[in-house]
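Please keep the structure open beside the text.

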Amino acid sequence: MDLEFSAIMNKNSLVISNLYVQTNDGKEILHGVSLRIKKGEIHAIMGPNGSGKSTLAQALMGNPNYIITRGKIKIDGIDVTKLSPDKRAQYGLFLGFQDPVEIPGVNFGSFLRMAVNENKKKEKRISPIAFRKQLLEQADVFAFKKDILSRNLNEGFSGGEKKKSEILQLSLLKPVYAILDEPDSGLDIDGLKFIARTISSLSHKFGLALITHYQRILKFIKPDFIHVLVDGKIAETGDYVLVKKIEKKGYRQYIKN
Ligand code: ADP
Ligand code: MG
């Protein structure tokens, strides 16, 4: 690819090139992962347990426990490989965690307002009253109990409430690229449908990497590309047909002994 062409291609994309990631104790988990996610595209990243999906999500977000030893991450052409999670978020990256952590002492509603107002110029910041109104409307849409907004972030939330709170953050923060790590885990069928519908309705606004080990959510969200991650490498990339293949033969077909 000539340089000019590749610069244009990188402009509206989250580009992951040849990423090698190891844990703090020196164990290499990802062995050269490459992906290009354009705005408006949905990429499903599927793979068995322990294949490195969450490691990829954490490395993209800049969790210091996951060390990038080779390769690059670029957001719209800007190299963020060495930037802090905060900086990456400023460039528009969002991560919905597989296991959202409970944060004692941090009020859910205040946290959301802080997150929305961060990096905004003073005159653009939303006032507490206006935000409260917006939040109560959203809480209604998300069928949250009213008291949840005055509780501490994720503290005592049910599994489903934690997942919904991640998607509520996504809808308020309006990122440029979102990585959702198993947004479907622990949800009952109504919760799953709701989350899937909400993600679908937002997804044209950003580029999405949707991590899942199970095809259930893909009945409701139609990805443009499917990538199969096995043993820290992309084993195959394709369209929806791949889901059928995985459903039929499982991930075993990709595992070489
Ligand atoms: P997945 O999300 O696909 O189930 P993970 O990325 O969570 O897989 O894990 C991939 C592998 O890396 C697993 O073998 C897991 O035990 C290991 N791993 C993940 N995080 C750490 C860590 N912080 N320290 C040591 N090993 C880890
Ligand atoms: Mg995981």
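## Ligands, rings and backbone

In this predicted model, a backbone N or O atom of Ser54 sits 2.9 Å from an oxygen atom of ligand 1. The protein covers 65% of the 560 Å² of accessible area that ligand 1 has on its own.

| Residue | Part of the residue | Atom of ligand 1 | Distance |
|---|---|---|---|
| Ser54 | backbone N or O atom | oxygen | 2.9 Å |
| Thr55 | side-chain N or O atom | oxygen | 2.6 Å |
| Tyr66 | polar side-chain atom | nitrogen | 2.8 Å |

Which residues make up the surroundings of ligand 1? The shell consists of Thr23, Lys27, Ile29, Pro48, Asn49, Gly50, Ser51, Gly52, Lys53, Ser54, Thr55 and Tyr66. By class, the shell divides into three nonpolar, seven polar and two charged residues. Helix H2 gives the largest share of this shell, with three residues.

The magnesium ion (ligand 2) is coordinated by Ser54 through OG and by Gln98 through OE1, at 2.1 Å. These two residues come from distant parts of the chain, 44 residues apart: Ser54 belongs to helix H2 (residues 53-61), while Gln98 lies in the loop between strand S6 (93-96) and helix H4 (108-117). Are the two residues buried, partly exposed or exposed? Ser54 is partly exposed, at 24% relative accessibility, and Gln98 is also partly exposed, at 26%. Both values fall in the partly exposed class because that class begins where buried ends, and buried means under 20%.

Now for the aromatic rings. The count of aromatic pairs comes to four. One of them joins Phe108 and Phe144 edge-to-face, with 6.3 Å from centre to centre and 85 degrees between the planes. Phe108 is in helix H4 and Phe144 is in the loop between helix H5 (128-141) and helix H6 (159-173), so this pair ties together parts that are 36 residues apart in sequence. Phe108 is buried, with a relative accessible area of 0%, and Phe144 counts as buried at 7%. Phe144 also pairs with Phe142, and here the rings are stacked, 6.1 Å centre to centre with 10 degrees between the planes. Phe142 and Phe144 are both buried. Taken together, ring pairs link Phe108, Phe142, Phe144, Phe157 and Phe194 into a cluster.

Which residue other than glycine has a phi of about 55 degrees? Ala143 does, and the value is positive. Ala143 is placed in the loop between H5 and H6. With a relative accessible area of 58%, Ala143 is exposed, whereas Phe142 and Phe144 are buried. Asn18 is in strand S1 and is partly exposed, with a relative accessible area of 33%.

One last stop is Gly26, in the loop between strand S1 (13-23) and strand S2 (28-38). Gly26 counts as partly exposed, at 42% relative accessibility. How far is the C-alpha atom of Gly26 from that of Thr212? The two C-alpha atoms are separated by 26 Å, and the residues are 186 apart along the chain.

How values were computed
Residues numbered from 1 in each chain as written. Chains lettered and ligands numbered in written order. Predicted model: local features only at pLDDT ≥ 70, side-chain atom pairs only at ≥ 80, totals over all residues. Heavy atoms only, no water. Donors = N, O, S within 2.8 Å, 3.2 Å for Na, K, Ca; no water. Helix = DSSP H or I, 4+ residues; strand = E, 2+ residues; numbered from the N terminus. Buried < 20%, exposed > 50% of the residue type's maximum accessible area, 1.4 Å probe, protein only. Near = heavy atom within 4 Å. Polar contact = N/O pair within 3.5 Å; in protein donor to acceptor, adjacent residues only side chain to side chain. Areas by Shrake-Rupley, 256 points an atom, 1.4 Å probe, with all protein chains shown as cover. Nonpolar A, V, L, I, M, F, W, Y, C, P; charged D, E, K, R; others polar. Phe/Tyr/Trp six-rings, centres within 6.5 Å; stacked < 30°, edge-to-face > 60°.
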